[in-house]
Amino acid sequence: MPTQDFISSSVYSRSQSRREIKPFLGYYYSYFIIGDMPDRIVRALVHIYEHRGAVLTQNFERYPDHNDKAAKVSKFDGVALYNAERLFIYEKEKLAGTRIWQTVVYATDLQSSKYLSGLTMGIATKTVRDIACYRVIYNFLGCEIDLRTGLSGCGTFPLDCSEIPKYIRDRVTNQMHLGDTAFRPSSDVM
């Protein structure tokens, strides 16, 4: 079912998901480490917003070009749902349309925590096309932001970059922990 059909379906429009997700509308920086750059943390800008009765997302990622050209920008459009105290985001790459990602984060109370911890899974890159799963942290920025400033904060950063809070740096690593039998989000979100 195409995204537009799903959004306009009676199942989606009658669900409590739209009411329960309202506290999570706004702007976030998402942080994750991709397999192609295991020594860098990606910071992307995510906007979760309501439009015509649906909760949609836009995601902007910026990757450096090693040939000193303009940075590569990836844009994703998606839909967000709330279920079982989790926020589910399904996104498709806007331009080429070859990559689809699903992100699931614990939907904690943003009054007590500005971080949402979870996992994101999808097609890694256009060239490799591997299925990949990464830990992700969403950092709530607010319902309204200066968009230019938000976009300028996107990019990749060294793992030890002090511009990225230590709390985030410690929770986006993609190693399995002793005793883990599945890849899980880092716990104890503040």
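Buried residues make up 44% of the 190 residues in the protein chain, and the model in which they are counted is a predicted one. Five helices and nine strands are found in the protein chain, and from the N terminus on the elements follow the order α-α-α-β-β-β-β-β-β-β-β-α-β-α. When contacts between residues at least 6 apart in sequence are considered, 51% of those in the protein chain join residues at least 24 apart.

The strand pairings can be followed from S2 onward. Strands S2 and S3 run antiparallel and are joined by seven bridges, with Val46 standing opposite Asn59 in S3. These two strands form a hairpin with two residues between them, and Arg52, in the turn, has a positive phi of about 50 degrees. On from there, S3 is joined to S4 by eight bridges, again with the two strands running antiparallel, and here Thr57 has Gly78 in S4 as its bridge partner. Strand S3 is mostly covered, seven of its ten residues being buried.

Setting aside residues up to four places away in sequence, His47 touches Gly26, Tyr27, Leu56, Thr57 and Gln58. Among these contacts is Thr57, the residue whose bridge partner in S4 is Gly78.

Strands S1 and S8 pair in the antiparallel sense over six bridges. Strand S8 also pairs with strand S7 (residues 115-123), in the antiparallel sense and over nine bridges, and in that pairing Ser117 stands opposite Ile137 in S8.

The aromatic residues come next. The structure holds six aromatic pairs. One of them is formed by Tyr28 and Tyr138, whose rings are tilted, with 5.6 Å from centre to centre and 50 degrees between the planes. This pair links distant parts of the chain, with Tyr28 in strand S1 (residues 26-32) and Tyr138 in strand S8 (residues 131-142), 110 residues apart. Tyr28 counts as buried because its relative accessibility is 0%, and Tyr138 is buried as well, with a relative accessible area of 2%. Another pair is that of Tyr29 and Tyr31, which is edge-to-face, with 6.3 Å between the centres and 70 degrees between the planes. Both of these tyrosines are buried. Ring pairs also link Tyr28 and Tyr138 with Phe140 into a cluster, while the ring of Tyr29 has the charged end of Arg43 sitting over it, 4.8 Å from the ring centre.

How do these neighbouring tyrosines relate to the nonpolar cores? In a regular strand the side chains alternate between the two faces of the sheet. The largest nonpolar core has 28 residues, and Phe24, Tyr28, Ile48, Leu87, Leu116 and Tyr138 are those with the most contacts inside it. The elements that give two or more residues to this core are S1, strand S2 (40-51), strand S3 (54-63), strand S4 (72-83), strand S5 (86-93), strand S6 (100-106) and S8. A second, separate core of 15 residues includes Tyr29, Leu45, Ile137 and Ile164.

Not counting residues up to four places away in sequence, Leu87 touches Ile21, Phe24, Ile48, Leu81, Thr103, Val104, Val105, Ala107 and Leu116.

The structure holds zero disulfides. Cys154 is buried, with a relative accessible area of 4%, and Cys161 also counts as buried, because its relative accessibility is 16%.

Definitions and conventions
Residues numbered from 1 in each chain as written. Predicted model: local features only at pLDDT ≥ 70, side-chain atom pairs only at ≥ 80, totals over all residues. Heavy atoms only, no water. Phe/Tyr/Trp six-rings, centres within 6.5 Å; stacked < 30°, edge-to-face > 60°. Helix = DSSP H or I, 4+ residues; strand = E, 2+ residues; numbered from the N terminus. Buried < 20%, exposed > 50% of the residue type's maximum accessible area, 1.4 Å probe, protein only. Lys NZ or Arg CZ within 6 Å of the ring centre and 35° of its normal. Core = buried A, V, L, I, M, F, W, Y, C linked by side-chain atoms within 4.5 Å. Contact = heavy atoms within 4.5 Å. Disulfide = S-S within 2.5 Å. Pairing = 2+ DSSP bridges.
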